[in-house]
Amino acid sequence: MMGRLLSGIATVAIPLAAFTLGVPALAAQTVSDLGRLAVTEVWEIDGHTRLERLSDVSGVAETFLGTVWIAGYSEVLAVDPRDPSGASDVMVAEGKGDGPGELLGADRIAITPDGHIAVHDLGRDAIEIYSAAGKPLRRVQLPFSVQWPKGFSVLASGDFVLSGGVPWIEAAIHRFNPAGKHLGSWADAAVSEEWMARVVGTGGATHASPDGSLMYSNGAPHSIVRYEFPPTGDDGEPVGRTISEMPELLGAPGDAVLVKGVDEEGVQYTSFNVWYPQSHAVFALDGGRVLNVIRRRDGDGDLETVWQLFEPRHEARHAGTHALVAQGIVSVPYRLWFLCGNGEILATRMDDLGVQTVVRLRMNVR
């Protein structure tokens, strides 16, 4: 018996109060104009026992069979939310290796249009494909490395999309066909003087829609764009439509993502400030709505998440095609990974000891 899974009822309710961000883009809306969001944890997977082997979760997704896949480094665990005992948990990939289905650095997970599971292998610069039952199917080798990836999706066409930095490509989103061929890159890379800072700061969250389009939320500055692609077989650049644009909300970090100093022995070092305020998750919801989630530190230095809900508006303005209708702050620094078929969201949270727990979130607008 490996741990305890709570299911069936809401376990934790976290109210998110409406708030005003105080930027010009929101000047036309007041607190009374905006709705209130409420987020509820409807189940969790005990991070202290059931996930003790996955010390750092890098991806979560739900298969068409209802199992939840969790990636961490070179391991992938499949769990069944209907089995509270954990007895049916299956380790899909375990340890580093070059054999079928083995990984060198498991990263984000996405579901393909035919229901297979795609795991981005950051250590091999490849994509490993498994059946929903966990059988290794094939490996897609990519022609180059996308560093500091912030988004991974599979389009309705079967093409793969990775968002992140590539030293010699001045773009944020990179598209590959099912065989791994690079089809093109687009969207602006981060602006900085040093190439390493540009690579770290480039990119943002992505979400592939069933209609074939791709939602992209630039990490910083704040910008959400929907990309529509040419017909199948055409490798042309997609057409982007701005959903929302609030550059004052999240300033571009530039070279500030690099922290340089000298240690006690007089050796120069460079580290990374990756906790700058940035959009880290975007989902296309029903009815044309869009959910965007920002991670940042509050006034006391603690991590928090800012939730924004957008809806289509009749008249498009310069700020985008959607209006902000509800927003809120939650003190739990969730990392959002996957939008389930019923609209619930798979996420992780971390306790003070660094132990991660996978949770399922339900969002309501009040």
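# A chat about the core, sheets and salt bridges

Reader: Which residues have the most contacts inside the largest nonpolar core, and how many residues does that core have?

Author: The largest nonpolar core has 31 residues, and those with the most contacts inside it are Val-60, Trp-69, Ile-70, Val-76 and Val-119. Keep in mind that this is a predicted model.

Reader: Which elements give two or more residues to this core?

Author: They are β3 (37-45), β4 (59-62), β5 (68-72), β6 (75-79), β7 (90-93), β8 (106-111), β9 (117-121) and β26 (335-339). In soluble globular proteins, nonpolar side chains tend to be buried together.

Reader: What does Val-76 touch?

Author: Leaving aside residues up to four places away in sequence, Val-76 touches Trp-69, Ile-70, Ala-71, Val-90, Met-91, Val-92, Ala-93, Leu-103, Ala-106 and Val-119.

Reader: OK, stepping back. How many helices and strands are in the protein?

Author: The protein has 1 helix and 28 strands.

Reader: And how many of the residues count as buried?

Author: Of the 366 residues, 55% count as buried. The protein exposes about 16,200 Å², with carbon and sulfur atoms supplying 52% of that area.

Reader: What about contacts between residues at least 24 apart?

Author: They make up 51% of the contacts between residues at least 6 apart in sequence.

Reader: Back to the strands. What is the order in the sheet with β4 and β5?

Author: The order is β4-β5-β6-β7, in an open sheet of 4 strands with antiparallel pairing. β4 and β7 are at the edges with a single partner strand each, so one side of each has no neighbour in the sheet. Direction ignored, neighbouring strands of this sheet are turned by 25° against each other on average.

Reader: How many bridges join β4 to β5?

Author: There are 4 bridges between β4 and β5, which run antiparallel. Val-60 stands opposite Ile-70 in β5, and both residues are among those with the most contacts inside the largest nonpolar core.

Reader: Which strands are in the open sheet that contains β18?

Author: That sheet has 4 strands in the order β16-β17-β18-β19, and the pairing is antiparallel. Its edge strands are β16 (204-208) and β19 (239-246), each pairing on one side only. From one strand to the next, the twist averages 15°.

Reader: How do β18 and β19 pair?

Author: β18 (residues 222-228) and β19 pair in the antiparallel sense over 7 bridges. Tyr-227 has Gly-240 in β19 as its bridge partner.

Reader: Which side chains meet in a salt bridge with Arg-241?

Author: The side chain of Glu-228 does, at 3.2 Å from N to O. Arg-241 lies in strand β19 and Glu-228 in strand β18, so the pair ties together parts that are 13 residues apart in sequence.

Reader: How many salt bridges does the structure hold?

Author: It holds 15 salt bridges. One of them joins Arg-349 and Glu-41, whose closest N and O atoms are 2.9 Å apart. This pair links distant parts of the chain, with Arg-349 in strand β27 (residues 345-350) and Glu-41 in strand β3, 308 residues apart.

Reader: Is Glu-41 buried or exposed?

Author: Glu-41 counts as buried, at 2% relative accessibility. Arg-349 is partly exposed, with a relative accessible area of 23%. "Buried" requires under 20%, so Arg-349 does not count as buried.

Reader: What about Arg-349 and Glu-44?

Author: Their side chains meet in a salt bridge, at 2.4 Å from N to O. Arg-349 in strand β27 and Glu-44 in strand β3 are 305 residues apart, and this pair links distant parts of the chain.

Reader: Last topic. Where is Val-146 found?

Author: Val-146 is in the loop between β11 (136-141) and β12 (147-154).

Reader: Buried or exposed, this Val-146?

Author: Val-146 is buried, because its relative accessible area is 2% and the cut-off for buried is under 20%.

Reader: Which residues does Val-146 touch?

Author: Not counting residues up to four places away in sequence, Val-146 touches Leu-122, Leu-162, Ser-163, Gly-164, Gly-165, Val-166, His-174 and Phe-176. Leu-122 is 24 residues from Val-146 in sequence and 8.2 Å from it in space, C-alpha to C-alpha.

Methods. Residues numbered from 1 in each chain as written. Predicted model: local features only at pLDDT ≥ 70, side-chain atom pairs only at ≥ 80, totals over all residues. Heavy atoms only, no water. Pairing = 2+ DSSP bridges. Axes fitted to C-alpha atoms, helices over the stretch in contact; angles between N-to-C directions. Core = buried A, V, L, I, M, F, W, Y, C linked by side-chain atoms within 4.5 Å. Buried < 20%, exposed > 50% of the residue type's maximum accessible area, 1.4 Å probe, protein only. Contact = heavy atoms within 4.5 Å. Areas by Shrake-Rupley, 256 points an atom, 1.4 Å probe, with all protein chains shown as cover. Salt bridge = Lys/Arg side-chain N within 4 Å of Asp/Glu carboxyl O.
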